[in-house]
Amino acid sequence: MSLNNGLFQLGIDLQRGSSNTQAEVIEFKPSVAEAPLQDEERKDFFIERDGERFAGTHLIIELVGAKFLDSLEKIEAAMRECVERAGATLLHIHLHHFTPNGGVSGVAVLAESHISIHTWPEADYAALDVFMCGDARPHECVEVLRTHFAPSDVVVDELRRGKGLV
């Protein structure tokens, strides 16, 4: 099967362009700050905190009364700053802008796991997952999100993933 046929079966017709209901806009742009993975010093990335050992911290974050939720540029900038402030390693960012109704879904894939976002600008609402293992500091992302999206309320739930595995 040719690449074009495979893409067509996925709903992407390269001859006609993208659908009028969805638009792919932002793809990963490498920068000097993003480090390649090094296999030499990789060890166990489990976390020990408060007498517990677990795989990683997963924050479920809701932004209520938020602004700029239809702005790809603002969302990408917020994700990049979250990665930097958390001390994580960015591997890839992919954002998808839905048209004509607006809204963005996307993910920043990290060596330490991921940050995902889904926005409903018509409701001034965004749902994010921030999951990180190792020495990364996912809680640093909360203030970054407050700064970028100026929500009237932020709700954060924390899960410790992989408790009891070791």
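Here are some questions and answers about the predicted model shown above.

Reader: How much confidence does the predictor place in the protein on average, in pLDDT?
Author: Happy to start there, since this is a predicted model. Of the residues, 73% score at least 70. The protein averages a pLDDT of 81.

Reader: What pattern of helices and strands does the protein follow along the sequence?
Author: The secondary structure comes to three helices and nine strands. Read in sequence order, the pattern is α-β-β-β-β-α-β-β-β-β-α-β.

Reader: What share of the contacts with a separation of 6 or more joins residues 24 or more positions apart?
Author: Let me give you one example of such a pair before the total. Glu158 and Ile60 are 98 residues apart in sequence, yet their C-alpha atoms are 6.4 Å apart in space. For the protein, the share from residues 24 or more positions apart is 64%.

Reader: How much of the accessible surface belongs to carbon and sulfur atoms?
Author: Burial first: of the 166 residues, 36% count as buried. The accessible surface comes to about 9800 Å². The part that belongs to carbon and sulfur atoms is 53%.

Reader: Why do the buried residues of H3 count as lying on the same side of the helix?
Author: Helix H3 covers residues 140-149, and its buried residues are Cys141, Val142, Val144, Leu145, His148 and Phe149. They lie on the same side of H3 because the arc they cover around the axis is only 165°.

Reader: Is His148 buried or exposed, and which residues does His148 touch?
Author: His148 is found in helix H3. Its relative accessibility is 10%, and the cut-off for buried is under 20%, so His148 counts as buried. The C-alpha atoms of His148 and Ala77 are separated by 8.4 Å, although the two are 71 residues apart along the chain. Not counting residues up to four places away in sequence, His148 touches Phe68, Lys74, Ala77, Ala78 and Glu81.

Reader: Which residue lies over the face of Phe68?
Author: Phe68 has already come up as a residue that His148 touches. Another residue in that list sits 5.0 Å from the centre of the Phe68 ring, over its face. That residue is Lys74.

Reader: What is the phi of Ala150?
Author: Ala150 is found in the loop between H3 and S9, and comes just after H3. Its relative accessibility is 36%, so Ala150 counts as partly exposed. Its phi is positive, in a residue other than glycine, and is near 45°.

Reader: Which residues is Lys67 in contact with, leaving aside neighbours within four places in sequence?
Author: Lys67 is found in the loop between S4 and H2, and is partly exposed, with a relative accessible area of 47%. Its C-alpha is 6.2 Å from that of Ala150, across 83 residues of sequence. Its contacts are Phe149 and Ala150.

Reader: Which residues does Glu158 contact, leaving aside neighbours within four places in sequence?
Author: Glu158 has its place in strand S9. With a relative accessible area of 36%, Glu158 is partly exposed. Its contacts are Arg49, Thr57, His58, Leu59 and His139.

Reader: How are the planes of Trp120 and Tyr125 arranged: stacked, edge-to-face or tilted?
Author: The structure holds one aromatic pair, formed by Trp120 and Tyr125 at 5.4 Å centre to centre. Both members are partly exposed, Trp120 at 38% relative accessibility and Tyr125 at 22%. Planes under 30 degrees apart count as stacked and those over 60 as edge-to-face, so at 40° this pair is tilted.

Note on methods. Residues numbered from 1 in each chain as written. Predicted model: local features only at pLDDT ≥ 70, side-chain atom pairs only at ≥ 80, totals over all residues. Heavy atoms only, no water. Phe/Tyr/Trp six-rings, centres within 6.5 Å; stacked < 30°, edge-to-face > 60°. Buried < 20%, exposed > 50% of the residue type's maximum accessible area, 1.4 Å probe, protein only. Lys NZ or Arg CZ within 6 Å of the ring centre and 35° of its normal. Helix = DSSP H or I, 4+ residues; strand = E, 2+ residues; numbered from the N terminus. Contact = heavy atoms within 4.5 Å. Areas by Shrake-Rupley, 256 points an atom, 1.4 Å probe, with all protein chains shown as cover. pLDDT = per-residue confidence, 0-100. Arc of directions from axis to C-beta.
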